[in-house]
Amino acid sequence: MPGQLSPSEGGVLSPNQLSLRQSCSAGPGLLTATDMVNYWQKVFETNGIPEARESSQYIVSFVLGAKTFQSLNSKSLHTPLTATQQEQIQQLSNKRLERMPVQYVLGEWDFQDLTLKMRPPVFIPRPETEDLVSLVVEEESQKCANSGPCFPVPVPHPVILEVGCGSGAIALSLLSKLPQVSFLQVSVLEESPTLLIVTEMSPTSLMGFGQSGSGAPELESRNASESWIPVSVDTVKGSAKQLLLWGPIDVLVSNPPYVFHEDVASLDAEILRYEDLDALDGGDDGMRVIKTILALAPSLLKDSGSVFLEVDPRHPDMVEHWLQAHPNLPLTLRAVHKDFCGKSEVNKLPCHFAPFGKFNAAFAGNFPVVPSYTGIQQIWMQIPAV
């Protein structure tokens, strides 16, 4: 039966201590999807696993080949599960008992219209970042609409730079929605990083500059391939200053590390045990990488170029004060957007709701299993036109 853990293994209670026999709705010894969801929900709750029901629903749905439990039809819900399916559910659920995020347990997660492969410690994209992508798409689409007919004089493809590669969620989403753009990436802003160059074999290009230690560039390449965005990959030594050769850039976008260092230790176990903390820890003020991006932006962006960042709710005011202290940087804070849940206010700007990915839709905005950060903000800065 499901669960072979004992109290001595990981400090969790044995699932066998909870009776499953009484839950067999399809007959003696016959277990349905609903039975398994109810059973593992109780196991997760008994062992203090957050989002217990959502966790069990996602796992059971995944084994049955569905995105969400709500999408299963009546036949799928009431047909007895095979021994193989029960074993798969047990194996995945045991991983969840170790506080592994469901995204890693399943090995994939949806982001907007893409299904991305996931594995530790590559950073799991949150729904707030879908909002960030939507803001960039909205801005670039508006530019295209305002430009009018471009024939007979061709207009160069817009160039977008992303700082921070991760699973490729931002880059691949933008490329899928803005096929006319060229794309550059750098995972770290250092003097001598190992650069990963990923070139799309199409009229547009995806250029990635990143360190390969976390496995993020390789995972992004795989996500690109499975998202029907063909790429080739080369690794070279170089400097982030090489980005200057690709300027001027239209848009710089990033979901940088922005968690205040003192807050890192209080993050949930799912994050602390499995995710790359370097992708979260923004230093004492959460602005270590943000400041580097802002300092570099004017030398990369063209006139009227834009910077889009996902930041902590405390950062918009801090960014504005930092820019005031650096008047040599020609950046203007244009807008601050609330997170998709609208849980906090900054400058009382209207909330901007992002479209949710296929996984998130069933939960009306809840992002189960891996905590999001309450009140995330997206800020938009721009270099004034000359």
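Predicted model: local features only at pLDDT ≥ 70, side-chain atom pairs only at ≥ 80, totals over all residues.

A: The part in focus is the packing of helix H2, residues 52–63, against helix H4, residues 83–97.

Start with the geometry. Two packed helices are described by the angle between their axes and the distance between the axes. For H2 and H4 the angle is about 145 degrees. Their axes lie 9 Å apart. The crossing of H2 past H4 is right-handed.

Now the residues that make the contact. H2 contributes Ser-55, Ile-59, Val-60, Phe-62 and Val-63. From H4 come Gln-85, Gln-88, Ile-89, Leu-92, Ser-93 and Arg-96. Sorted by class, this contact has 6 nonpolar, 4 polar and 1 charged residues.

Glu-51 sits in the loop between H1 and H2. Its phi is positive, about 50 degrees, although Glu-51 is not a glycine.

H1 spans residues 33–46 and holds Gln-41. Gln-41 has a relative accessible area of 16%; the cut-off for buried is under 20%, so Gln-41 is buried. Leaving out residues up to four places away in sequence, Gln-41 touches Ala-52, Arg-53 and Ser-56. The side chains of Gln-41 and Arg-53 also make a polar contact, at 2.4 Å.

Arg-99 is placed between H4 and helix H5, which covers 102–106. Arg-99 is not a glycine, yet it has a positive phi of about 65 degrees. Its relative accessibility is 17%, so Arg-99 counts as buried.

Further along is a cis peptide bond. It runs from Pro-120 to Pro-121, with omega near 0 degrees. Pro-121 belongs to the loop between strand S2 (114–117) and helix H6 (127–147).

Finally, the setting. The chain has 13 helices and 11 strands. Of its 386 residues, 54% count as buried. Among contacts in the chain with a separation of 6 or more, 71% come from residues 24 or more positions apart. The accessible surface of the chain is about 16,800 Å², and carbon and sulfur atoms account for 54% of that area.

Conventions:
Residues numbered from 1 in each chain as written. Heavy atoms only, no water. Axes fitted to C-alpha atoms, helices over the stretch in contact; angles between N-to-C directions. Helix = DSSP H or I, 4+ residues; strand = E, 2+ residues; numbered from the N terminus. Left-handed = near helix turned anticlockwise from the far one by under 90°. Contact = heavy atoms within 4.5 Å. Nonpolar A, V, L, I, M, F, W, Y, C, P; charged D, E, K, R; others polar. Buried < 20%, exposed > 50% of the residue type's maximum accessible area, 1.4 Å probe, protein only. Areas by Shrake-Rupley, 256 points an atom, 1.4 Å probe, with all protein chains shown as cover. Polar contact = N/O pair within 3.5 Å; in protein donor to acceptor, adjacent residues only side chain to side chain.
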